[in-house]
Amino acid sequence: MGDMTKTAAGTGTGRRVSEARERLLRTAGQLFYAEGIHTVGVDRLVAESKVTNATFYRHFRSKEDLAVAYIGSVDQAIRAQIGSLMAADVPTDGILRGIGASLVEQIRSPGYRGCAFLNAAAEFPDPDHPVHRAVVQHREWFLQTITGLFAEITAAQAEHAGRHFVMLRDGAMSAGYLGDPVLAGETLLRGIEGLLRIHTARGLDEPAASPPGQASSTATTVSGIECSPPSA
């Protein structure tokens with residue numbers, strides 16, 4: 001918004017160029033999320049954004065450069081949303097519940113197609129690719145933010161609670177797309193309530209809790225379950 005204000009105060013050309021970039025980014029966000037990044041070509045992006053090829057390449061060196069900007073725009077929207085919750089006069093557990101409620105609203109919204117970040121990471125599996133790195137950076141920030149909120153409730157195993165919350169979030173977003181979004185949302189909210197209840201009590205029972213990263217001695221493993229394609 002600040003960049004848009006600056007261009008508007010300058011020449012008319014500057015304003016038009018800024019609007020063209022925003023239109024490209026908005027169109028890319030809609031198409032990339034609905035159909036996948038690899039599926040949508042530059043020609044279609046240009047046509048649906050009503051810009052020229054020259055305008056496209058003035059702002060983005062390639063489609064992958066635009067994809068990084070797309071991931072960045074989703075990241076900024078989430079940061080702003082959580083930031084507004086944290087700035088409001090809301091207790092910490094209310095902030096975590098609010099994040100959960102926002103996720104449920106997204107899962108149940110028309111056109112929902114899963115997590116934009118997980119989808120993009122699946123399309124760009126190379127950890128060194130800029131799109132993949134942008135996804136990882138967002139997830140690191142999200143985990144740190146959630147962990148920090150749990151630490152405000154009690155520092156005891158806040159990292160464990162943060163990772164648990166993120167896994168609940170990931171599972172709900174996948175289940176909401178592949179299965180019943182209503183049930184996925186309800187399950188997510190119940191999971192968050194249970195996690196908050198356990199974590200709040202954890203500060204009073206810290207010696208009995210397992211150290212972070214240490215699994216229970218009663219845990220068992222099951223072999224023969226594969227979620228990846230078989231080797232050639």
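User: Buried means under 20% relative accessible area, exposed means over 50%, and partly exposed is in between (1.4 Å probe, protein chains only). Why does R169 count as buried?

Analyst: R169 counts as buried because its relative accessibility is 8%. This is a predicted model, where local features need pLDDT of at least 70 and side-chain atom pairs count only at pLDDT 80 or more, while totals for chains, interfaces and linings use all residues. Residues are numbered from 1 along each chain as its sequence is written, and side-chain values use heavy atoms, with hydrogens and water left out.

User: OK. Which helix is R169 in, and what does R169 touch?

Analyst: R169 is in helix α9, residues 158–178. Helices are DSSP runs of H or I with at least four residues, strands are E runs of at least two, and both are numbered from the N terminus. Leaving out residues up to four places away in sequence, R169 touches L103, C115, F117, L118, R139, F142 and L188. Contact means heavy atoms within 4.5 Å.

User: F142 again, in α8. What in α6 does α8 meet?

Analyst: T92, D93, I95, L96 and I99 of α6 meet a set in α8 that includes F142, I146 and F150.

User: At what angle do α6 and α8 pack?

Analyst: At about 145°, with axes 9 Å apart. Axes are lines fitted to C-alpha atoms, for helices over the stretch in contact, and angles run from 0 to 180 degrees between N-to-C directions.

User: New topic. How many residues are in the largest nonpolar core?

Analyst: It has 52 residues, and those with the most contacts inside it are F32, I99, F150 and F165. Helix α8 gives the most to this core, with eight residues. A nonpolar core is a set of buried Ala, Val, Leu, Ile, Met, Phe, Trp, Tyr and Cys residues joined through side-chain atoms within 4.5 Å.

User: What is F32 in contact with?

Analyst: Apart from neighbours within four places in sequence, F32 contacts I37, V40, L45, K63, L66, A67 and Y70. Among the buried residues of α5 are K63, L66, A67 and Y70.

User: How far does α5 reach?

Analyst: Helix α5 (residues 63–87) has 25 residues and reaches 36 Å from first C-alpha to last, close to the 36 Å expected at 1.5 Å a residue. The expected span is 1.5 Å times one less than the number of residues.
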